[in-house]
Amino acid sequence: MSVFDYQEIDVDTAGNFVAVLEKKYEIVPSDFYMQIGKDKCDISYKNLPVESRRKVDYLSISVVEIKISDLEKKDEILHKIFTNLNNGGKRLSDQELRNGIKRV
């Protein structure tokens, strides 16, 4: 499923929206670390300052779905799209371009 249908969830019986999403998508809470100099800092959501959590909570995430009718040219088309998206940035190697293309 590429689109989340909010009608499928029953928040009333699950308790809250986060619990519903965790159950539906089998989300496992994770810790995230960042190396700053010699220090390893825990930057998990629960440890962020309130101001940073608010920014994360209200961050818009854009998702673009690309449907390709000619599956034989899928890799070529995705490679071209990703190259064009990166046009203003640093030139990427072919391996970096391949890593940027999610294979379904």
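The questions and answers below go through a predicted model of one chain.

Me: In what order do the elements of the chain run from the N terminus on?
Reply: The chain has five helices and two strands. Read from the N terminus, the order of these elements is α-α-β-β-α-α-α.

Me: What percentage of the residues of the chain count as buried?
Reply: A residue counts as buried when its relative accessible area is under 20%. The chain has 104 residues and exposes about 9700 Å², with carbon and sulfur atoms supplying 53% of that area. The share of residues that count as buried is 8%.

Me: What part of the contacts with a separation of 6 or more comes from residues 24 or more positions apart?
Reply: Contact here means heavy atoms within 4.5 Å. Among the contacts in the chain with a separation of 6 or more, the part from residues 24 or more positions apart is 6%.

Me: How many bridges join strand β1 to strand β2?
Reply: Strand β1 covers residues 33-36 and strand β2 covers residues 39-42, and the two run antiparallel. One of the bridges pairs Tyr-33 with Asp-42, and another pairs Met-34 with Cys-41. The number of bridges between the strands is four.

Me: Which residue in the turn of the hairpin has a positive phi?
Reply: β1 and β2 form a hairpin, with two residues between the strands. A phi of about 65° in this turn belongs to Gly-37.

Me: Which residue lies over the face of Tyr-33?
Reply: Tyr-33 has Asp-42 as its bridge partner in β2. A search of the whole structure finds zero aromatic pairs, but the face of Tyr-33 does have a charge over it. At 4.6 Å from the ring centre lies Lys-40.

Me: Which side chain meets Lys-46 in a salt bridge?
Reply: The structure holds one salt bridge, with an N to O distance of 3.0 Å. The pair links distant parts of the chain, 15 residues apart: Lys-46 is in the loop between β2 and α3, and its partner is in the loop between α2 (17-25) and β1. That partner is Asp-31.

Me: Which residues is Arg-53 in contact with, leaving aside its neighbours within four places in sequence?
Reply: Arg-53 lies in helix α3, residues 50-57. It is partly exposed, with a relative accessible area of 25%. With those neighbours left aside, Arg-53 is in contact with Tyr-45, Lys-46 and Leu-48.

Conventions
Residues numbered from 1 in each chain as written. Predicted model: local features only at pLDDT ≥ 70, side-chain atom pairs only at ≥ 80, totals over all residues. Heavy atoms only, no water. Buried < 20%, exposed > 50% of the residue type's maximum accessible area, 1.4 Å probe, protein only. Areas by Shrake-Rupley, 256 points an atom, 1.4 Å probe, with all protein chains shown as cover. Phe/Tyr/Trp six-rings, centres within 6.5 Å; stacked < 30°, edge-to-face > 60°. Lys NZ or Arg CZ within 6 Å of the ring centre and 35° of its normal. Pairing = 2+ DSSP bridges. Salt bridge = Lys/Arg side-chain N within 4 Å of Asp/Glu carboxyl O.
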